[in-house]
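Morning, everyone. Please put the structure up on the screen, and we'll walk through a helix, a sheet and a hairpin.

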Amino acid sequence: WRRDPIEYNLDRSWDINAAPTTRVFNLTASEIQAAPDGVLRPLFVINGQFPGPLIRVNQGDRVLVNVTNRLSNGTSMHWHGFYQNGTNWMDGTVGITQCAIPPGASFLYDFTVKQFGTYWYHSHFSSQYTNGLVGPFIVHSPEESKIQEMYDYDQVVLLQDYYHDLSAALMPGYMSSGNENAEPLPDNGLIQGTHFFNCSSYDSDSGYACDQNSTRAIFNVAQGKRYRFRLINTGAFGEFQVSIDNHTIQVIEADSTLVQPITVNRLPIHVAQRYSILFHANQTATNYWFRARMNDYCFSDENPVLDTDVRALITYTNSTFDPSPTESVDWVYALYTACEDLAPSSLIPYDPLPAPQVDVTYPIEVSFQIGNFALDKAYINSTTWVPPTIPTLNQAVAGLQVNNANFTTSGVSTAFDSSQLVIDVPTYKVIDVLINSLDEGAHPFHLHGHQFWIMASGAHGAFNWNSYPTLNMTNPMRRDTITVDAFGWALIWFKADNPGLWALHCHISWHMEAGLLMQFQTRNDIMKEWAVPSDVLALCDTN
């Protein structure tokens, strides 16, 4: 059941210049009993293994992924970071672009990849991906040739926080009366789907079966060679701070945007984000720690069994011994005491793309509010999201087809029920979104179907509207997931040129289930000519 990590080594003989073709993949989701860190628990796997298999294609390829559901509940698969331009119904977001794939059924995702970089895929049904339904998705392009000379080896590295219980077992406690957004805390962290756990942390009557027989991820390196590690945080809650003892690292990609190399000692990566880092294996030939420290400053409490110092082994000698503390030395620079991104101003896109002039601005407020029965729910403005029975895409296309005016009014839509905050952008516009957080926790916000420009952000206070004329319009950073600081704000711009219904949500699993999601409905002038494919509609008939 444990996936061989060699599958995440990207063979450099791959032809990035190959003509576009059709590539077919088959993913079967099922449940097994497994112990990635030595603690036995139910684990959701893909094709019988954990983590999920690598999907690797070229820009321009048509991708066919047949997803079969062998779980006891519905599922879906979301292709994180992909535009899905013209195939909104393949975005995989239950309640927005599709109904869930029911148990025992299969669904074929069919889309053409129009971008390149480091991505991932995961279930987008409830908090299900937290249980193991994740995998890497790498897209190559001839445009990569300009950076490939910077490294000799290419490696995918999956990071994730990890729980010893199913998310469905933890969710009732999180959503219970009187719980003021105290999220379930991870029990461990994994690298490449594995790590050690100290079984003595649990009492004998804890109910957990634990064997001290797990392993640590190992990365073999050769003296003098240069390595690209494509880091992907596939977790549910925790931010990691990544470093390699004795080795500086260079960031060259963030959320599939290539950037001018920037040298750092330690790199923060929040849930759903991706970074490519380079390092040169130019130190004494021995073993060193690769560290992914979980940032528990962002947690609401402490978990006594959690060791936040998650490690893998960098070995020059193809060995498994622990590094000597005198030879493998952590950086003395202080760890981050807040969950925040690498400063956007330090990330300069390799390929400049000026930010366009804005057409309309939408300020939104993010909060947790205690309501009836002392339930603490997440809100964007005055709406807490609940997945609808009929996806909002299906509703919108049907409404546009009959010229229902409720679906064509610019601004906050009145066409959906009160649990759906949808901003309707009927024709092409450049949208300015100011995200204001009134919450004490950080939130990694992800926008489906787009990349956005990060125009400004702040850890405290409010955005100064008088600063508009001084914003960097020349080449601001572009990505699809941004961490909004506790009581902070972020100003993002995006082109509403991609037709469909697109979620903007916090990627912390617990927060999305608590309602921290809104949507943009874009390009009605194109959507009104659409017909949602019959196989997509049929998913709702079988649920």
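Which residues are buried in helix 6, residues 534-542? Keep in mind that this is a predicted model. The buried ones are Val536, Leu539 and Cys540. Look down the axis of helix 6: its buried residues fall within an arc of 95°, so they line one face of the helix. Here is the background. An α-helix has 3.6 residues a turn, so residues three or four places apart point the same way.

Now turn to the face of helix 6 that points away from the buried side. There you find the exposed residues Ser534, Asp541 and Thr542. And what covers the buried residues of helix 6? The cover includes strand 7 (106-112) and helix 3 (392-401).

Find phenylalanine 445: opposite, in strand 29, stands isoleucine 482.

Last stop, the hairpin. Strand 15 covers residues 249-254, and strand 16 covers residues 257-264. They pair antiparallel, over 5 bridges. Isoleucine 249 has valine 264 in strand 16 as its bridge partner. Between the two strands sit 2 residues. In this hairpin, aspartate 255 takes a positive phi near 50°.

That's my tour. Thanks.

Methods. Residues are numbered from 1 along each chain as its sequence is written. This is a predicted model: local features need pLDDT of at least 70, side-chain atom pairs count only at pLDDT 80 or more; totals for chains, interfaces and linings use all residues. Side-chain values use heavy atoms; hydrogens and water are left out. Buried means under 20% relative accessible area, exposed over 50%, partly exposed in between (1.4 Å probe, protein chains only). Helices (H or I, at least four residues) and strands (E, at least two) are DSSP runs, numbered from the N terminus. The arc is that of the directions from the helix axis to the C-beta atoms. Contact means heavy atoms within 4.5 Å. Two strands pair if DSSP finds at least two bridges between them.
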